[in-house]
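Me: I am new to this structure and would like to learn how to read its features one at a time. Could you take me through it slowly, with the general idea before each case?

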Amino acid sequence: MIQGPKTLQARTSHYIAVDAVHDELAVPNPFAQAILIFRGGANGNEAPVRVIQGPKTLLTAVDNVAVDPLHRELMTASFPTDSILVFRSDAGGDVEPIRILHGPKTQLDRPIRVEVDPINNLMAVMNDHALLVFNRTDSGDVAPKWIIAGPKTGIGTRFGTRDLKLFPEGRKIIAGASIRGPRGTRSREASNEDEEGFFRGGGQRFIGVWKYGDNGDVAPWAVLNATPITKIPGSRMALNPEGGDLVIGGDGRVAVYHLPEIFQKTD
Amino acid sequence: MGVPERFWRVMVGTLLLAAVWIQFGYGPGVTAAQQRSNTSDRRPMVLDRAPARMIADPNPVFRAVVLDAEHGEVFMANDKESAGTSVLVYPTQFPPTNRILEPRRRIAGPKTDLGMVCGLALSIEHGELYSVSGETGTLNVYPLDSTGNVGPARRLRGVMPRASAGVFLDVKNDELFITTEHVNRISVYPRTFQEDQEPLRFIQGPVTGLGDPHGIYIDGTTNEIFVSNHGNWRETQPGEGEVRGPDSLTRTSLGYNVPGRVVPLVPSTGQFLGPSITVHSRTATGNAAPLRIIHGPHTQLSLPDGIYRDPVSGELIVANTGDDSVLFFAKDAAGDATPVRVLKGPATKMKGPVGISIDAKRNELWVASWDSHVAAVFPRMANGNIAPLRVIRTASENAPLASMGRIGAVAYDPKRKEILAPN
């Protein structure tokens, strides 16, 4: 357990990224506008080895982070500023982003998650109402390469999607756990919250898997639905391709699903 | 041989033509059309199957603790989603036992809209229980004798910011005070608020000293507000976090139809200020500086949470989550003050203390420990490594620590074959 005042973690902690190559963990602190980098084997009340924080970073309510060990980069989707900030992942202190994706052509609208595929040179972003895929090195005001959005997708934070992962070797995009169905949106206007409360959408959770190249209003290639059998606990995901496992966390639970179909590699 | 040769020439020519046709514009169209066809007709492969493994703690935890000394009841907030969030009500007096104690009643279920219930307050005079959630922007009111899956009698869903942590009822002035971590703010509402109530006033802004505020206590006699701060700080603007449609100063990513303004890419202001207790005037408003701050290495403050003032001695009592202690400060403590007493050690059974209260009628101190599933009762003047008079526990003594709360993410470390879950 990594816990205690020296760790500089906030009680609200929404993400963790593993850099398996350099054996490091990256954790955002939204309230102090910082990204904390720990040893991979950090334990107890242990201080981070580096902290990215300061005026030059342009960080705001940073609540997510992705690492690209191949190119030694680290990136975060900034929902307050509708931008993606990219840093050197071996940087510390008050450093400027090395790239910023930002502008009307990007269609970034309250982005909450970014993931990177260093092998196929892609970067995927979860938006308010769409999943956007860019080239990994895109910078400035650049249009997305592919956009997955629409009623068949059930995708976007307004539909409850909170996380996304990429599986480069199989060229798959995994997004979850969307809430779809008659009460698909979580907006006050659209949900009858008086009956069941603000955070209890009557829709159904599911994890959707899309293929690289999917573009537009495209149904997922595969789905894992929330049912009494699957008991999907939430919306946060991790991949263990070697074991063929999809790990899902939420509602105070962590569940491990053995889904080797997702982790089939493509040539 | 002549015919086959011509045949092959025609075939090669046709293939070359086809290649050129594809190369110059039609090919991608065909590919795209095929892809459109493939994806538009796509029927997803259904992977529904049971999890191979599930990790969860089914035992409730204790967070905020408030006392109805008059009727001998203690109300505790359980914000553990895997146990179903709830308010658990126990008698204040019971024979000491180390067994799991069942609550006298519980408020729980979808109608309650408790969310991640973090803060509790109560009014004996008006028979009301108040709850705030660490997730939603709501303040709910329940009759004090509520039980089961009951909806709140009243709800505040005005411009209150999301993710509030602490709530306190100033009985003397009939006002409710609420802290919000995300936007470093104290909001004040009349106890008799209506659903769309505007705050009477709020404290928020760069000079307030508020940095990731949690617990709150109001002394209506000295007109002081005491707030525990974790110290994660960024510059906020007065009014930030209020839900006011497209003009909201905070952009939200949660899919509401009130996204707020886009924040410009400007220099970051974030800092680690270190933990503190800020003391404010009860009537302060806007970007007002605190009256004094308790802050520094001698204070021993470490992730301070619940805060209470001893009604007899005036001492300030702090649930110090980060080092499993309760700190007692002199009533006029300021600066880098050393606690006058520290309750700490294995005999106390405290692990991750967050909630704190005093039963003045019975001269007892209540401490709720989140990590160990224990609420412990001590003599009011307890000091050092002493055993509690009695405990309420929701899990057996040898149960694993609660550790997992709201899981913000999961990650997999392939080197150690470990699942990581920040929460």
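Me: Where in chain A is A:Ile84 found, and which residues does A:Ile84 touch?

Reply: A:Ile84 is found in strand 7 of chain A, which covers residues 83-88. Leaving aside residues up to four places away in sequence, A:Ile84 touches A:Met75, A:Ala77, A:Leu101, A:Pro111, A:Val114 and A:Val125.

Me: How many helices and strands do chain A and chain B have?

Reply: Chain A comes to 1 helix and 19 strands, while chain B has 1 helix and 30 strands. Of the 267 residues of chain A, 60% count as buried, and for the 423 residues of chain B the figure is 49%. If one takes the contacts between residues at least 6 apart in sequence, 51% of those in chain A join residues at least 24 apart, and in chain B 53% do.

Me: What is the mean pLDDT of chain A, and where is the pLDDT below 50?

Reply: Where pLDDT is low, the predicted coordinates should not be read in detail. The mean for chain A is 88, and 90% of its residues reach 70 or more. Over residues 181-202 of chain A, however, the pLDDT is below 50, and this stretch still has 48 contacts in the model beyond near neighbours in sequence.

Me: How should I read a sheet, and what is the order of the strands in the open sheet of 4 strands in chain B?

Reply: In general, the strands of a sheet pair through backbone hydrogen bonds, and they do so either parallel or antiparallel. In the case you ask about, the order is 3-4-5-6 and the pairing is antiparallel. Strand 3 (65-68) and strand 6 (105-108) of chain B are the edge strands, each pairing on one side only, and from one strand to the next the twist averages 20°. Within chain B, strand 4 (residues 73-78) is joined to strand 5 (residues 86-91) by 6 bridges, and B:Ala77 stands opposite B:Val87 in strand 5.

Me: Is strand 22 of chain B enclosed or open, and why?

Reply: Strand 22 of chain B (residues 316-320) is largely enclosed by the rest of the structure, because 5 of its 5 residues are buried. Both of its faces are covered, with B:Leu316, B:Val318 and B:Asn320 buried on one side and B:Ile317 and B:Ala319 buried on the other.

Me: Which strands pair with strand 22 of chain B?

Reply: Strand 21 of chain B (residues 304-309) pairs with strand 22 in the antiparallel sense over 4 bridges, and B:Pro304 stands opposite B:Asn320. Strand 23 of chain B (residues 325-329) also pairs with strand 22 in the antiparallel sense, over 5 bridges, and there B:Leu327 is the bridge partner of B:Val318. The hairpin of strands 22 and 23 of chain B has 4 residues between the strands, and in its turn B:Asp324 has a positive phi of about 55°.

Me: How many residues of chain B are in contact with chain A?

Reply: There are 71 residues of chain B in contact with 85 residues of chain A. The side of chain B that touches chain A divides into 34 nonpolar, 21 polar and 16 charged residues, and its largest share, 4 residues, comes from strand 2 of chain B. Strand 2 of chain B also pairs with strand 19 of chain A (residues 253-258) in the antiparallel sense over 4 bridges, where B:Met54 is the bridge partner of A:Ala255.

Notes. Residues numbered from 1 in each chain as written. Chains lettered and ligands numbered in written order. Predicted model: local features only at pLDDT ≥ 70, side-chain atom pairs only at ≥ 80, totals over all residues. Pairing = 2+ DSSP bridges. Helix = DSSP H or I, 4+ residues; strand = E, 2+ residues; numbered from the N terminus. Axes fitted to C-alpha atoms, helices over the stretch in contact; angles between N-to-C directions. Contact = placed C-beta atoms within 7 Å. Nonpolar A, V, L, I, M, F, W, Y, C, P; charged D, E, K, R; others polar. Buried ≥ 20, exposed ≤ 12 C-beta atoms within 10 Å, placed from the backbone. pLDDT = per-residue confidence, 0-100.
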